[in-house]
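Here are my notes on this model, point by point. Please read them with the structure open.

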Amino acid sequence: MGSRQCVTPRSFRPRGASQAPTSSSTSGRTAVSASARVTPSVSETTSRTPRGTLYRGHEGMWSWVLHRITGIGIFFFLLVHILDTALIRVAPEAYDAVIGTYKNPIMGVGEIILVAAVAYHAFNGLRVILVDFSKWGAKYQRQLWWGVIGLWVVLMLGFVPRQFMVIMAEITGGH
Amino acid sequence: MTAESIADPRTPVAPRRKGVNLEKYGWMFMRGSGVLLVVLIFGHLIVNLVMGEGVRQIDFAFVAGKYATPFWQWWDVIMLWLALIHGTNGMRTIVNDYVTHNGTRRVLIWALWIVAALLILLGTLVVFTFDPCLGVTPDSSLWQMCRG
């Protein structure tokens, strides 16, 4: 995974390092690790943000960010969903009225978002388990994440057309 | 801070807190419940949202049909317990990450577990005390049984 290593741009020149790197090796540290620690100025980076102030964790970071966001979303849906289902104990009319709002076409799109969040959280959760418990999971966590995205796309390609059939049936009132 | 205040590198490791390591069991629970929840929730979604008429089929009679069998009662109750504990523990992790004030943090985490406990109690009672006769009409096959 050489592409993930920290690459120093060709134009990068650490300040105060005009002499040959090997000449400073008498300090006991290697010249490579010494120069790699120097923070370049803003103009020396390709980003508007100076390197070192923004964490760029690539796939590993985004897998975590998405896991957190989907987890919070599912949690709050769960709270609502337990309360609306509890109406089944109150009266059939009360339950049917509230559950009826889930059949609205706009809520039908909401169900696509819900399934998307649940599917991502589920697949990425299994990836986390593989990373934690398998011998090879940590080494291939990045490939595993792309596997998660692939599975998620396949599941959504199946679910979205099915859900649009349900939404259209609700709009037209057919079966 | 002076150099003298830094502990000697050879200082023995501080003794671990005695008692059960709740964080370890929480960590294990998240993974164990996670695997079960994948099965339970995908099953729940397929039966309620994909098969038949999808979300349009869900009404009192649909749920009454499911809760007529202990299978779906237990399915829903196990899903309820695992999902709420899993979700609440996840929210606790997030609160621990972002809430720096100790008092606020403790209040939020207590609130999370109180809400979870109340909803688990409510949901479990609803499933096991469900009464199909609530919605019975004279043309229903349950009419005779419910009148008796």
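**Notes on the fold and the chain contact**

1. Chain A has 5 helices and 0 strands. Helices (H or I, at least four residues) and strands (E, at least two) are DSSP runs, numbered from the N terminus. The order from the N terminus is α-α-α-α-α.

2. This is a predicted model: local features need pLDDT of at least 70, side-chain atom pairs count only at pLDDT 80 or more, and totals for chains, interfaces and linings use all residues. Residues are numbered from 1 along each chain as its sequence is written, and chains are lettered from A and ligands numbered from 1 in the order in which they are written.

3. Of the 175 residues in chain A, 14% are buried (20 or more other C-beta atoms within 10 Å of a residue's own, with C-beta atoms placed from the backbone).

4. Look at α4 (residues 105-133) and α5 (residues 141-172) of chain A. They pack at an angle of about 160 degrees, with axes 9 Å apart. Axes are lines fitted to C-alpha atoms over the stretch in contact, and angles run from 0 to 180 degrees between N-to-C directions. So α4(A) is roughly antiparallel to α5(A) (over 145 degrees). Their contact residues divide into 21 nonpolar, 4 polar and 3 charged. Ala, Val, Leu, Ile, Met, Phe, Trp, Tyr, Cys and Pro count as nonpolar, Asp, Glu, Lys and Arg as charged, and the others, Gly among them, as polar.

5. The contact between the chains takes 33 residues from chain A and 31 from chain B (C-beta atoms, placed from the backbone, within 7 Å). On the chain B side, α1(B) gives the most, with 8 residues. By class, that side has 20 nonpolar, 7 polar and 4 charged residues.

How values were computed:
Angles under 35 degrees count as roughly parallel, over 145 as roughly antiparallel, 65 to 115 as roughly perpendicular and the rest as oblique. A residue is buried if 20 or more other C-beta atoms lie within 10 Å of its own, exposed if 12 or fewer, and partly exposed in between; C-beta atoms are placed from the backbone. Two residues are in contact if their C-beta atoms, placed from the backbone, lie within 7 Å.
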